[in-house]
Structures are given as structure tokens and as C-alpha cells.
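I hope they are handy as you look around.

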Amino acid sequence: MASYNIFLLPGDGIGPEVTAEVEKVAHVISGAGLAKFEFEKGLVGGSAYDAHGQAISEADMARAQAADAVLLAAVGGPKWADVPYEVRPEAGLLRLRKDLGLFANLRPALCYRALAEASSLKRELVEGLDIMIVRELTGGVYFGEPKEITNLPNGQKRAVDTQVYETYEIERIAAVAFEMARKRGNKVTSSEKNNVMKSGVLWKEVVTDVHKKSYPDVQLEHMLADALGMQLVRYPKQFDVIVTDNLFGDLLSDVASMLTGSLGMLPSASLGAADASGKRKAMYEPVHGSAPDIAGKGIANPIAMIGSFGMALRYSFGLIEAADLIEKAISDVLAAGLRTADIKGDATSSVSTSAMGDAIANALKKAL
Ligand code: NAI
Ligand code: MG
């Protein structure tokens, strides 16, 4: 049986509460003989700062580098509002992303049937929705130079941001998207604005080349980013994998996330470059933060965190069937009416974090 080393970073706030539920689900999968998981625990964020004055220690960085995957809950909270900038909780997160070279941010928008009411769109438009946005995370206009505000002789100011992409950056994000698509609906929509941006012209050219050379079996379409924004709210189910740059990806993934309802439901993954054996550095984390307002109350929704573990199974460990079954288990408990407080809607009662985790683990056990 394959064995995977997962570096678990519960972080702050509700982090420890939601990561405890992941361990239950992992236990069920190893119990069924599919794979073994070794969880090694570390400190990140405010809790790390409290322990040793850093947002993440060198020893924990080394463990993150060595692990098969990193699973992180969330960092931050009002308690650390005044700690020095270099050691603030978010610095731990940024260090992990940077040192692990995580250039591909994967944000699924998955709409569970039972929660279709929570969407901002009509039920029939979002029920069963399952799209994946692959956002380039380490290049583009957020990092391009020059980036400055200068004073003009006429007393006005001039602000510049620069969108820069090189061939290799587009090639590697395109490859991630095509690989993703092969494990899903086999379709990629690549998005830029080649009608007004040179970086868009290169983007389209390189994605087309990568497709022709290495992924001709995957369906590829190109769509201008503004049109894609429109199509996302008009008929989102037309999409499978969307690949786009840092800026457009930031906007479009936030739009897509609201199609599905609550923050407590949304997982994400960030992937690095593949090594010679095809293995990638990867970090999986829910989209939500540390939710200090409900921390310690045992009422946080563990689904985004469990879903993030599901993504690790799918994209780092190749356990596609187990990943599918986790999604099905979540879908089943929601269909049975189980709700945590954040997704309660019109339901008459809600359950605790650990009751939701137990229910998902039990549903998974039955399915395996
Ligand atoms: P947040 O995501 O922590 O909370 C926003 C709202 O959603 C709160 O009302 C919270 O109770 C609710 N919520 C979030 N996750 C939930 C869950 N799993 N179950 C039930 N309800 C949930 O964002 P906020 O309040 O803006 O930030 C709180 C702290 O988290 C800040 O220190 C912020 O910097 C940090 N943060 C960290 C992130 C990370 O580690 N990746 C991402 C976003 C914020
Ligand atoms: Mg954003």
C-alpha cells in the first residue's frame, strides 16, 4: 500500500478544529486499504509566532519541502494585529508559496445539489456545477517591473504596473491546466485579452503550442477574459477547466466562488513545478481564513478543509476514485439535510464541526 507523508499545518483560529476532521476522513481511506497517510504536524502563523517568534520556522520549512503534500488550514487573527510586519501570520503563508515555487493556483467551483439555493444564480444554472479555475500565481501584473508611482512636472502623478509573462511561465501553467482537464472533463478554456494586450497575444500563442505538442487529446478553446466573465454568470456549466493569468484569475475565481454559496465549502490547491519523476510540490488549503469570530466554538464548517484533502488525493497522490468518493460523501450528507451553521439557510437546526466530520467519514466508509 502506498504511503504518503502529509505536512499538516493547522494554523490559527478554526484551523485546528477543521484539520481534526481531515484526519478522520484519512483514517477511513487507510482503513479501506487504499493508501496510508502519515501526518506530521507543524506550526504556522500566529501560533508559530507565539511559540518561537517566527511565522514559520526553518525546521518546519524543511518539513514542508520534504513532504508529499502540505495541508494548511488558515492563519491570522486579531490577536496578532500588532506583531512586526516580517513575522505577521501571513508571512508564513507567503514564505511557503514562494519557497515551494507554487505558481499554479487551483480554485474549483463545485455546487452541491443540496446547496444550489445558496448560489446567487438560479438553481438550474448551478446545480451540479463543477469547474476548475487554474490561475497563474507568481507572474503577471502583480509582480511585473516597473511598478511605481512618479511625480510629473505638471504636479500630477503617474502610476505604472507592468504585465510581464515569459514563454516558460505560460507553458508550465498551460501544462497544469491540460493535465487537470485529463482528470476531469477533458476541456480547457484559455482566457486573456489578446485583442488589446501583447501578453495576451503571447499567452494564446503559447497555450496553442503546448496543446498541439503535448495535449492534442484535450479540447481547447480560447475566450477573451471579459466575455468569459459574462459567460460565467450566464451559463457556467459550459466550462470545465479555465486557465488564465494572475489578475484575470483573481477576479474570475472570486466570481466563480460566489456561484456556489458559502466560504466554508471552498477548497483550493497551489502547485509547483514537476520534478523529473513528474511529482509536484503542492499545498492544499481552504479558501476561507481563520474565522476568529467562531474559533473555539466547535461550529466551523470542515467541508472546505476536507475538500482540500480530497484535492491532495486527486492531484498529488493519484487517488482519483477516493477523491470522487469524498465529494460524493459530502454531497450525500448535505442531501440528507446535515448543515453546519454557516450553510444552515432555512434548515431548522445545525450540527457541530465534529458531527459534520463524523457524518462525512461514515458516508465515505459506506461507499468504500
Ligand atoms: P474568514 O474567512 O476567516 O471569515 C469570514 C467569515 O466567514 C466569518 O464570519 C467566518 O466566521 C466565516 N467563515 C469562514 N470560514 C468558515 C468556516 N469554515 N465555517 C463557518 N464559517 C466560516 O475571513 P476574515 O474574517 O476576513 O479573516 C479572519 C482572519 O483570517 C484574518 O486574520 C485574515 O487575515 C485571515 N485570513 C487568512 C487566510 C488564509 O490563511 N489563507 C485567508 C483569509 C483570511
Ligand atoms: Mg481575490
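1. A word on burial to begin with: a residue counts as buried if 20 or more other C-beta atoms lie within 10 Å of its own, as exposed if 12 or fewer do, and as partly exposed in between. Please also keep in mind that this is a predicted model.

2. Leaving out residues up to four places away in sequence, L334 touches Y112, A114 and L115. From L334 to K237 the C-alpha distance is 21 Å, and the two are 97 residues apart in sequence.

3. Now for the overall picture. The protein chain holds 12 helices and 12 strands. Its radius of gyration is 21 Å, close to the 21 Å that the globule rule gives for 368 residues, so the chain is as compact as a globular protein of that length. Along the principal axes, the C-alpha atoms fill a box of roughly 60 × 50 × 45 Å. Of the 368 residues, 48% count as buried. Among contacts with a separation of 6 or more, 74% come from residues 24 or more positions apart.

4. How do helix 8 and helix 9 pack? Helix 8 (residues 225-234) and helix 9 (residues 246-258) meet at an angle of about 10 degrees, and their axes are 10 Å apart. Helix 8 is therefore roughly parallel to helix 9. On the helix 8 side the contact is made by A225, L228, G229, L232 and V233, and on the helix 9 side by F248, L252, V255 and A256. Sorted by class, this contact has eight nonpolar residues, one polar and no charged ones.

5. The surroundings of ligand 1 deserve a look too. The ligand has 20 residues around it, and the closest are G76, G264, H288, G289 and N301. By class, the shell divides into 10 nonpolar, seven polar and three charged residues.

6. Some backbone details are worth checking on screen. E145 and P146 are joined by a cis peptide bond, with omega at about 0 degrees. P146 is found in the loop between strand 5 (130-136) and strand 6 (148-151).

7. Which phi values are positive in a residue other than glycine? For N186, phi is near 65 degrees, and for A291 phi is near 40 degrees. N186 is found in the loop between helix 6 (167-182) and strand 8 (187-192), whereas A291 has its place in the loop between strand 12 (280-286) and helix 10 (303-315). Buried or partly exposed? N186 has 15 other C-beta atoms within 10 Å and is partly exposed; A291, with 25 C-beta neighbours inside 10 Å, counts as buried.

8. Lastly, K183 is in the loop between helix 6 and strand 8. K183 has 14 other C-beta atoms within 10 Å and is partly exposed. Setting aside neighbours within four places in sequence, K183 is in contact with R314 and I320.

Definitions and conventions:
Residues numbered from 1 in each chain as written. Chains lettered and ligands numbered in written order. Predicted model: local features only at pLDDT ≥ 70, side-chain atom pairs only at ≥ 80, totals over all residues. Helix = DSSP H or I, 4+ residues; strand = E, 2+ residues; numbered from the N terminus. Rg over C-alpha atoms; globule rule 2.2 N^0.38 Å. Contact = placed C-beta atoms within 7 Å. Axes fitted to C-alpha atoms, helices over the stretch in contact; angles between N-to-C directions. Parallel < 35°, antiparallel > 145°, perpendicular 65-115°, else oblique. Nonpolar A, V, L, I, M, F, W, Y, C, P; charged D, E, K, R; others polar. Near = placed C-beta within 6 Å.
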